[in-house]
Amino acid sequence: MPGIPGRLFPDVFNDLDDLLYVHDMEGNLLYINNHVFKLLGYTAEHVINKNISDFLPVRYHEKFSKYLEIIQKEKIVVNAVSFCSQKGMERVLEYRSVVHYEGGKPTEVTGVARDITERKWAEKALIDASGRFESIIENTPLVAVQGFDINGSIYHWNPVSEKLYGKGIKEVLEKPFHELFLEGKEREKFKDDLERVFSKGQPVEARESSIITVDGEKRWVYSSMFPVIEGTRCLEAIRMEMDITQRKKVEEKLEYLSTHDSLTGIYNRAYFEEEIRRLETLRFRPVSIIMGDVDDLKLVNDTLGHDKGDRLLKAAADTISSRFRSSDMIARIGGDEFVVLLPHTSEEVAKEVCSRIDESITNYNASNPELPLSISLGVSTSVSSDHSLLDTFKKADSAMYQKKAEKTNSVKNSFVQSFISTFNSSNYFKEENNNIKSMAVALASKAGLTEKEIALISVLSLVHDIGILGVPDNILYKNGELLPEEKKAMQKHPEIGYQIALSSSELASVADFILSHHEWWNGEGYPFGLKKNEIPAACRIISIVDAYRAMTNERPYRKPLSHEDAVSEIKRCSGTQFDPEMVKMFTKLFG
């Protein structure tokens, strides 16, 4: 569906009975949902990037120009306007526009519009043709119409009212409407409306109000009230309502999305920028700012996948949020960056809070050793207007990066140690790596490799397949042949393992070998298609013993082969998958 760069609207918005739109500050449409076709006959693609004025009757152009002036000053605009359908018919739409800001300036407008043409017809009919009053009440399909006496007792109750409130006319007749269906301030407003209608004979301006149905459900209606006058006397008050509950929910969702991060549920950068301007006044000093950055999120994303990275971000948000007051503002302002604004907080107290965050991280890691969380934190405090909050933010950011630089190696090693621990405890390999180590070291000695090379092979034999941690379990444990796209995902594990090893000072020396341990002698392996002696000797050795290990151990999709059958298969693949000379030595050692 048509969308806006940088913004994602759920597909469910296309199924709304209201018009959802986004336009820029000149009135050019950036997004509109598919309800525009049902309502006006246009496709969404037809109206995108067109100016709203293109679809208005000429008499509304001046009103639209004033609307463009208003949105430069006001955040919320509510009004009604006529639109021309594709067939030239006019439809009256009631709209609610919300202006969004970036860097303190209005940038775009999101809004919801509802077709109120029938309601307008009904209002006109009530005013101009009182003789058709009863027919309109009974047959208006989308508008709930009620009639009241001076005390608010119900005397008219059309079928839409029955459906909306859950009570039939016999159940409500001559009973006070406000006592049945209104609460708190809404009751008082209703009484004031009755007073205006009966005492002054004046209609009540339409507004949004809440009602309570027979089931106790709170719903929203857009209502207005009019007098029915005979001579100089008001006979009764007519209230007309349209159910706008769904629209209100959409507005609340849009409002939430405009200020909150969709992944973590905490505030987003736009809200942070607005809040930092609000706190700039002296009455909030001292203001402390804590900057946080999730360490090595890219490593987690690149090796274990973005779902694990998202899990880490959510854990970071929960861990940070658990240590703050409701008056403190926590926001995610970048991919891995978080910020906390602390009004009336000294730097000493802010640093104590950082220590408590570190304690929470330690507790989290004790319960989640397979995916440890590490956050680098920096603090700065503004005690007077001489130090702007923007400068304070920059200082907190610098302090955070200094902290990150101090612990980079230790954090990476802790991540890798976690990966290794998870890898070693994996049911996929169980005790197999201990066997492959002794075979690889024996074959390396037989091949005449140096002690240093043999030491590297000893390490490589234990971690060459560590990249499988980044392969989804449904592929890793699949009971059957892999599909082409699943096979491609499985073949990514040498690259994932390479990234993990490269991030650790302990494993960096074998990173290149991890990357190439699935290359074939004939050049048909992966990921680079190396062949013959282009493949490091360590990789040629590991590929043979790894294949032997795989064949002689049970897998979800097959039973293990016997020693004899596995050795026979290795011989058969000599010169294609395996180095022929290495196969001869392997056979002499283990055949």
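Student: In helix 24 (residues 580–590), how far apart are Phe586 and Phe590?

Tutor: Phe586 and Phe590 are four residues apart in helix 24, so about one helical turn separates them; helices here are DSSP runs of H or I with at least four residues, strands are E runs of at least two, and both are numbered from the N terminus. This is a predicted model, in which local features need pLDDT of at least 70 and side-chain atom pairs count only at pLDDT 80 or more, while totals for chains, interfaces and linings use all residues. Residues are numbered from 1 along each chain as its sequence is written, and side-chain values use heavy atoms, with hydrogens and water left out.

Student: And what about pLDDT, what does the chain average?

Tutor: The average is 88, and 91% of the residues score at least 70, where pLDDT is the predictor's confidence in each residue, from 0 to 100. Over residues 1–8, however, the pLDDT is below 50.

Student: Back to those rings: are Phe586 and Phe590 stacked or tilted?

Tutor: The pair is tilted, because the ring centres are 5.0 Å apart and the planes stand at 50°. Rings of Phe, Tyr and Trp (its six-membered ring) pair if their centres lie within 6.5 Å, and planes under 30 degrees apart count as stacked, over 60 as edge-to-face and the rest as tilted.

Student: Is Phe586 buried or exposed?

Tutor: Phe586 counts as buried at 1% relative accessibility, whereas Phe590 is partly exposed with a relative accessible area of 22%; buried means under 20% relative accessible area, exposed over 50% and partly exposed in between, using a 1.4 Å probe and protein chains only.

Student: How many aromatic pairs are there in the whole structure?

Tutor: A search of the whole structure gives 16 aromatic pairs. In one of them, Tyr267 and Tyr271 have ring centres 3.9 Å apart and planes at 10°, so that pair is stacked.

Student: New topic, then: in what order do the four strands of the open sheet run?

Tutor: The order is 12-13-11-14, with antiparallel pairing, and two strands pair if DSSP finds at least two bridges between them. Strand 12 (329–332) and strand 14 (375–382) are at the edges, each with a single partner strand, so one side of each has no neighbour in the sheet.

Student: How many bridges join strand 11 to strand 13?

Tutor: Seven bridges join strand 11 (residues 287–294) to strand 13 (residues 337–343), and Asp293 has Glu337 in strand 13 as its bridge partner.

Notes: Contact = heavy atoms within 4.5 Å.
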